[in-house]
Amino acid sequence: DSNTQTSRSSASVANTNTPQYFQSHRYSSRSFGYKFDGFDSSKTYTVELGFAEMYRQNCRNGSRVFDLQVNGNGIKSNIDVFASGGCETAYTMSFNLRPSSPGSFVIQ
């Protein structure tokens with residue numbers, strides 16, 4: 001997506017055994033998403049999403065708030081990663097979801 005940028009941090013990340021997953025990040029001032037294919041649409045899967053506020057200028061409540069949709073359905077609103085986990089701290093959310101037909105998860 002040409003509307004997004006990527007960045008990498010060398011800061012340590014609390015609350016995780018896999019800090020490397022949170023030290024690389026993608027961001028945009030506009031909406032963007034990810035698509036994952038190849039799932040059986042008759043099954044339910046646990047979808048785990050991980051976040052960390054790694055940009056120190058945003059380490060305050062309300063600085064970066066967003067809504068989460070999976071396959072066009074609102075899953076969670078007003079997510080504030082800093083308020084949920086803190087600065088440079090991993091925060092994960094898990095949801096039991098079914099993929100859309102033909103077996104895709106579109107996460108926005």
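Q: Is Asn-58 buried or exposed?
A: Buried means under 20% relative accessible area, exposed over 50% and partly exposed in between, with a 1.4 Å probe and protein chains only. The relative accessibility of Asn-58 is 14%, so Asn-58 counts as buried.

Q: What kind of model is this, and how are its residues numbered?
A: This is a predicted model, in which local features need pLDDT of at least 70, side-chain atom pairs count only at pLDDT 80 or more, and totals for chains, interfaces and linings use all residues. Side-chain values use heavy atoms, with hydrogens and water left out, and residues are numbered along each chain as its sequence is written, from 1.

Q: Where is Asn-58 placed?
A: Helices (H or I, at least four residues) and strands (E, at least two) are DSSP runs, numbered from the N terminus. Strand S4 covers 45–51 and strand S5 covers 65–70. Asn-58 is in the loop between S4 and S5.

Q: Which residues is Asn-58 in contact with, leaving aside its neighbours within four places in sequence?
A: Contact means heavy atoms within 4.5 Å. With those neighbours left aside, the residues are Glu-53, Ser-63, Arg-64 and Phe-82.

Q: Which residue does a disulfide join to Cys-59?
A: A disulfide is a pair of cysteine sulfur atoms within 2.5 Å, and by this rule the count is one. Cys-59 lies in the loop between S4 and S5, and its partner lies 28 residues away in the loop between helix H2 (81–85) and strand S7 (91–97). At an S to S distance of 1.9 Å, the partner is Cys-87.

Q: In which sense do S5 and S6 pair?
A: Two strands pair if DSSP finds at least two bridges between them. Strand S6 covers residues 73–80, and Asp-80 in S6 is the bridge partner of Val-65. The two strands form a hairpin with two residues between them. Over five bridges, the sense of their pairing is antiparallel.
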